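Please find below a note on the model under review. It is arranged as numbered points, to be read beside the coordinates.

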Amino acid sequence: DGVKKLVPIPPTQESVRELFQEKVASEEEMQAWYDKERVKPPSGEASNGEEAALSRVGPRLYERVFKHYTKKQWDKYPAELDASVLLRLPCRTSTDDRYFGDAWQALP
């Protein structure tokens with residue numbers, strides 16, 4: 001829709017509600033949303049970052065967030081990166097938008 005929005009990353013229920021106006025209100029509903037959106041890699045295993053991201057978050061979230069974020073961060077599109085880079089992306093079913101699930105977190 002061309003409107004810029006700030007949403008939690010890693011993706012959470014709030015990310016999906018804000019970007020797609022989906023009524024996701026529980027961890028079960030968020031898991032069902034992921035399950036509906038995810039695209040299996042053609043060969044069964046992701047061969048690059050794009051296939052990995054699509055298998056984790058599906059095409060809509062990939063296009064709205066990860067494709068361009070990755071280009072900005074590494075000056076490479078996900079298809080140019082190894083699958084392992086995008087497979088480490090946390091995909092939350094909860095409302096917890098912290099990168100790690102640890103009790104204490106800090107970035108240098």
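The points below treat the basis of the model, its helices, its core, a pocket, the backbone and selected loop positions.

1. Basis. The model is predicted, so local features are reported only at pLDDT of at least 70 and side-chain atom pairs only at pLDDT 80 or more, whereas totals for chains, interfaces and linings use all residues. Residues are numbered from 1 along each chain as its sequence is written, and side-chain values use heavy atoms, with hydrogens and water left out.

2. Helix α1. Helices here are DSSP runs (H or I, at least four residues), numbered from the N terminus. The buried residues of α1 are Q13, S15, V16, L19 and F20; buried means under 20% relative accessible area, exposed over 50%, and partly exposed in between, with a 1.4 Å probe and protein chains only. Seen down the axis of α1, these buried residues fall within an arc of 165 degrees, so they line one face of the helix. The arc is that of the directions from the helix axis to the C-beta atoms. The cover over the buried residues of α1 includes α2 and α3.

3. Helix α2. In α2, which spans residues 27–37, M30, W33, Y34 and E37 are buried. Because they cover an arc of only 95 degrees around the axis, they lie on the same side of α2. E28 and K36, on the other side of α2, are exposed. The buried residues of α2 pack against α1 (13–20) and α3 (49–74), where contact means heavy atoms within 4.5 Å.

4. The largest nonpolar core. A nonpolar core is a set of buried Ala, Val, Leu, Ile, Met, Phe, Trp, Tyr and Cys residues joined through side-chain atoms within 4.5 Å. Which members of the largest nonpolar core touch the most other members? Of its 22 residues, these are W33, V57, L61 and F66. The elements giving two or more residues to this core are α1, α2, α3 and α4, and the largest share, eight residues, comes from α3. In soluble globular proteins, nonpolar side chains tend to be buried together.

5. Contacts of W33. Leaving aside neighbours within four places in sequence, W33 is in contact with V16, F20, E22, V24, V57, R60 and L61.

6. A pocket is defined on a 1 Å grid over the protein atoms alone, as an open set of points where a 1.4 Å probe fits, with protein on both sides within 12 Å along at least five of seven lines; lining residues have an atom within 4 Å of a point. The second largest pocket has a volume of about 240 Å³. Its lining is formed by I9, P10, F66, Y69, T70, Q73, W74, V85, L86, R88, L89 and Y99. Both α3 and α4 (83–87) supply at least two residues of this lining, and α3 gives the most, with five residues. The lining residues divide into nine nonpolar, two polar and one charged. For this division, Ala, Val, Leu, Ile, Met, Phe, Trp, Tyr, Cys and Pro count as nonpolar, Asp, Glu, Lys and Arg as charged, and the others, Gly among them, as polar.

7. Backbone. Most residues other than glycine have a negative phi, and most peptide bonds are trans. The peptide bond from I9 to P10 is cis, with omega near 10 degrees; P10 is placed in the segment before α1. Q21, in the loop between α1 and α2, has a positive phi near 50 degrees and is exposed at 53% relative accessibility. D75, in the loop between α3 and α4, has a positive phi of about 55 degrees and is exposed at 54% relative accessibility.

8. Loop position S47. S47 is found in the loop between α2 and α3 and counts as exposed at 51% relative accessibility. The C-alpha atoms of S47 and D82 are separated by 7.1 Å, although the two are 35 residues apart along the chain.

9. The segment after α4. F100 lies in this segment and is partly exposed, with a relative accessible area of 43%. Not counting residues up to four places away in sequence, F100 touches R92 and Q105. G101 is also placed in the segment after α4 and counts as exposed at 62% relative accessibility. From C-alpha to C-alpha, G101 and Q21 are 26 Å apart in space and 80 residues apart in sequence.

Terms used
Grid points are joined across faces, edges and corners, and a volume is the space filled by probe spheres set on the points.
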